[in-house]
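Please report on the structure below.

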Amino acid sequence: MEGHRFTAGCLCGKVRLAIDAEPSRVGICHCLDCRKQYGAIFYTFAVFLDTVVTVTGETANYGFRHFCPVCGSSVFDKRGSEIEVNAGALDSDNLVRPTYETWVCRRERWLPAFSVDHRYEHDRE
């Protein structure tokens, strides 16, 4: 997997991603579905065209959400021709910076303000 711009994977290493492009966008979501899926108060993700992402290993899925069937790690979402890679699955820190937040109507009030360009009450426009 060396030589790729980004690499990512699950906790046990059975599912790996190699990505050969910069993300088209990076966001934070506060919706209830993401909160439940990730067991966290928000979800940070980087979006790539599916043509630049190589997935190795078998994933299980719940709808469009893909996870490792061995360790249970959420790794990516596949929606149409885009793959949303869970920022926590990236192999290195500080690789992506969110530029927008969605579902801010569900955002925890005690969270500090994030330095983003756009905030959407619900889904991104």
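Arg 79 is partly exposed, with 36% relative accessible area. Here buried means under 20% relative accessible area, exposed means over 50%, and partly exposed lies in between, with a 1.4 Å probe and protein chains only. The model is predicted: local features need pLDDT of at least 70, side-chain atom pairs count only at pLDDT 80 or more, and totals for chains, interfaces and linings use all residues. Residues are numbered from 1 along each chain as its sequence is written, and side-chain values use heavy atoms, with hydrogens and water left out.

Arg 79 forms a salt bridge with Glu 84, and the closest N and O atoms are 3.5 Å apart. A salt bridge is a side-chain nitrogen of Lys or Arg within 4 Å of a carboxyl oxygen of Asp or Glu. Is Glu 84 buried or exposed? Glu 84 counts as buried, at 11% relative accessibility.

## Salt bridges

Side chains of opposite charge can pair when their charged atoms come close. The count here is nine salt bridges. One of them joins the side chains of Arg 65 and Asp 77, at 3.6 Å from N to O. Arg 65 lies in strand E7 (residues 65–67) and Asp 77 in strand E8 (residues 74–79), so the pair ties together parts that are 12 residues apart in sequence. Helices (H or I, at least four residues) and strands (E, at least two) are DSSP runs, numbered from the N terminus. Arg 65 and Asp 77 are both buried. A network of salt bridges links Arg 65, Asp 77, Arg 79 and Glu 84.

Another salt bridge brings together the side chains of Arg 119 and Glu 101, with an N to O distance of 3.2 Å. This pair links distant parts of the chain: Arg 119 sits in strand E11 (residues 118–119) and Glu 101 in strand E10, 18 residues apart. Arg 119 is partly exposed, with a relative accessible area of 45%. Glu 101 counts as buried, at 0% relative accessibility.

## The sheet

Strands of a sheet pair through backbone hydrogen bonds, either parallel or antiparallel. In this model, eight strands make an open sheet with mixed pairing, in the order E6-E7-E8-E9-E4-E3-E10-E11. Strand E6 (60–62) and E11 are the edge strands, and each pairs on one side only. Two strands pair if DSSP finds at least two bridges between them.

How many bridges join E6 to E7? There are three, and the two strands run antiparallel. Tyr 62 has Arg 65 in E7 as its bridge partner. Arg 65 also takes part in the salt bridge with Asp 77.

## Aromatic rings

A pair of aromatic rings is described by the distance of the centres and the angle of the planes. Rings of Phe, Tyr and Trp (its six-membered ring) pair if their centres lie within 6.5 Å; planes under 30 degrees apart count as stacked, over 60 as edge-to-face and the rest as tilted. The model has six aromatic pairs. In one of them, the ring centres of Tyr 38 and Tyr 43 are 4.1 Å apart and the planes are at 10 degrees, so the pair is stacked.

Tyr 38 counts as buried at 17% relative accessibility. Tyr 43 is buried too, with a relative accessible area of 2%. One aromatic cluster is formed by Tyr 38, Tyr 43, Phe 45, Tyr 100 and Tyr 120.

## The largest pocket

The largest pocket holds about 290 Å³ of space. It is lined by 17 residues, and the closest to its centre are Cys 29, Arg 79, Glu 84, Thr 102 and Asp 123. On a 1 Å grid over the protein atoms alone, a pocket is an open set of points where a 1.4 Å probe fits, with protein on both sides within 12 Å along at least five of seven lines; lining residues have an atom within 4 Å of a point.

Strand E3 (25–29), helix H1 (32–38), strand E4 (43–49) and strand E10 (100–102) each give the lining at least two residues. E4 has the largest share, with three residues.

## Positive phi

Asn 94 has a phi near 60 degrees, a positive value in a residue other than glycine. Asn 94 lies in the loop between strand E9 (82–86) and E10. Asn 94 is exposed, with a relative accessible area of 78%.

Trp 103 is not a glycine either, yet its phi is positive, at about 55 degrees. Trp 103 is placed in the loop between E10 and E11. At 22% relative accessibility, Trp 103 counts as partly exposed.

Methods
Grid points are joined across faces, edges and corners, and a volume is the space filled by probe spheres set on the points.
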